[in-house]
Amino acid sequence: MGPFATMSSGKPWSGKATDLVKRHLLVVGQTGSGKTTTTLSLLNQLQKANYTTIIFDPTGEYAQLPNAVTYRLGDNAYLEAGQLSSDQLQEALDLPLNDELIAKVRSAVTALRIQENITQQKTVYRKLGVAIDQYERQAAKLGSWSRSFASAHLAQQLIEEFIVPYSDDRADYHLLGQQYDRPTINHLWGAITAIQAELSSERFRALFDPDPHPGVFKTELNFVIKMFLTHQTSHRTLVIDLSALKQFESSQRTVISLLLKNLLNSRLQGKASFPVNIVIDEAHRYLPTDEQQLADNGIFQVLREGRKVNLSMTLTTQSPLDLPARLRSQFAHLLIHHLASADEMTSLAHGHHFSLEQLMNLTTGQALLVLPHQENQLINVNLPDWFRA
């Protein structure tokens, strides 16, 4: 196996690719500077070293990696709708909800979870005439084991959430409701039908695959990831291909965040401790635009907590300024390709020393390797033999 890189002097770089990912690694550089090819070369080296790597691939670019085990959302993999909270479901599907409907979606999801997991029916939960205490007892039985629900029925279930007592002496306030609140339903009908349309959309089918496929075997993404976290594979790399959602950035952002949070929780609760590297290309696209939401994002949570359980992360981005400062500070290792802005250089400095002129003069494939307690090294990344531009 050839070296990952050569020095500017022409001598082989003496380090190991596995050393680069022992801590979080940030790969930055303008378009065409060599970020993607560098990442592929790094992955090739890690694979040969039998280092477990999980790639979240939003564009499908990493399909060319040899010996990859690829699960493609909408093809041979799906996401269980119950893995998403009502708020995450709203974000993933970009549902048109006002505050009133947000609350109703939450109660609708609870009702559908009861119907599927407690009453064992994948249908709408009809609430007319149901006693409040009966419903509360059913809801109290729900737990982490009962997250699944028939998401395709969400719009229909929403209608069941708009029930009220009779408005005369027949009113029974021990029941969830006795009649539909038709004026409110009619007022919100446009939003409800828009939700129904989204539940029939290409985005929904790609995410949750509600249609039967006789003879086609599909695997739930969280299950796939858990297997790679607990059973070390032999020279294989897991690729989670999310390109089916590439026209839906909000959906990709929600799914990547959710999968990473579940990945982190699985590692925190499990016994396996072998090192795992997680790779996300062009990561700035999948971070919240509001920095106040950063703490709840799965990428940030793995960066902050992952090293406790031997998880490291490799992120690539065109400009370090596209990443929140709190997130940039989590990276101890840097591979810097061509940059042309003093602000970009300053944002990466935090204790490191390099000049803008040095970064501006880097050619395609060249990078400045910055590691703690070591002198910066100018390297030329060696592409793997199988690489095709």
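This is a predicted model: local features need pLDDT of at least 70, side-chain atom pairs count only at pLDDT 80 or more; totals for chains, interfaces and linings use all residues.
**Entry 1: burial of helix 3.** I began with helix 3, which spans residues 86-93. I found helix 3 mostly covered, with 6 of its 8 residues buried. The buried residues are Ser 86, Gln 88, Leu 89, Gln 90, Ala 92 and Leu 93. I then looked up what covers them, and the list includes helix 4, helix 6 (154-160), helix 8 (189-198), helix 9 (202-208) and helix 11 (249-269).

**Entry 2: helix 3 against helix 4.** I next examined the packing of helix 3 with helix 4 (residues 99-117): the angle is about 115° and the axes are 9 Å apart. The crossing of this pair is right-handed. From helix 3, Ser 86, Asp 87 and Gln 90 take part in the contact, and they meet Ile 102, Val 105, Arg 106 and Val 109 of helix 4. I noted that these contact residues comprise 3 nonpolar, 2 polar and 2 charged.

**Entry 3: the residue after helix 3.** I checked the backbone just after helix 3 and found that Asp 94 has a positive phi of about 55°.

**Entry 4: helix 12.** I turned to helix 12 (residues 298-305), where 6 of the 8 residues are buried. I listed them as Gly 298, Ile 299, Phe 300, Gln 301, Val 302 and Leu 303. Their packing partners are helix 11, strand 10 (276-280), strand 11 (311-317) and helix 13 (325-328).

**Entry 5: the start of helix 12.** Which residue caps the N-terminal end of helix 12? I found Asn 297 there, with a side-chain oxygen 2.9 Å from the backbone nitrogen of Ile 299. Ile 299 is itself among the buried residues of helix 12.

How values were computed
Residues are numbered from 1 along each chain as its sequence is written. Side-chain values use heavy atoms; hydrogens and water are left out. Axes are lines fitted to C-alpha atoms, for helices over the stretch in contact, and angles run from 0 to 180 degrees between N-to-C directions. Helices (H or I, at least four residues) and strands (E, at least two) are DSSP runs, numbered from the N terminus. A crossing is left-handed if the near helix is turned anticlockwise from the far one by less than a right angle, and right-handed if clockwise. Contact means heavy atoms within 4.5 Å. Ala, Val, Leu, Ile, Met, Phe, Trp, Tyr, Cys and Pro count as nonpolar, Asp, Glu, Lys and Arg as charged, and the others, Gly among them, as polar. Buried means under 20% relative accessible area, exposed over 50%, partly exposed in between (1.4 Å probe, protein chains only). A polar contact is a pair of N or O atoms within 3.5 Å; within protein, one must be able to donate a hydrogen and the other to accept it, and residues adjacent in sequence count only if both atoms are side-chain atoms.
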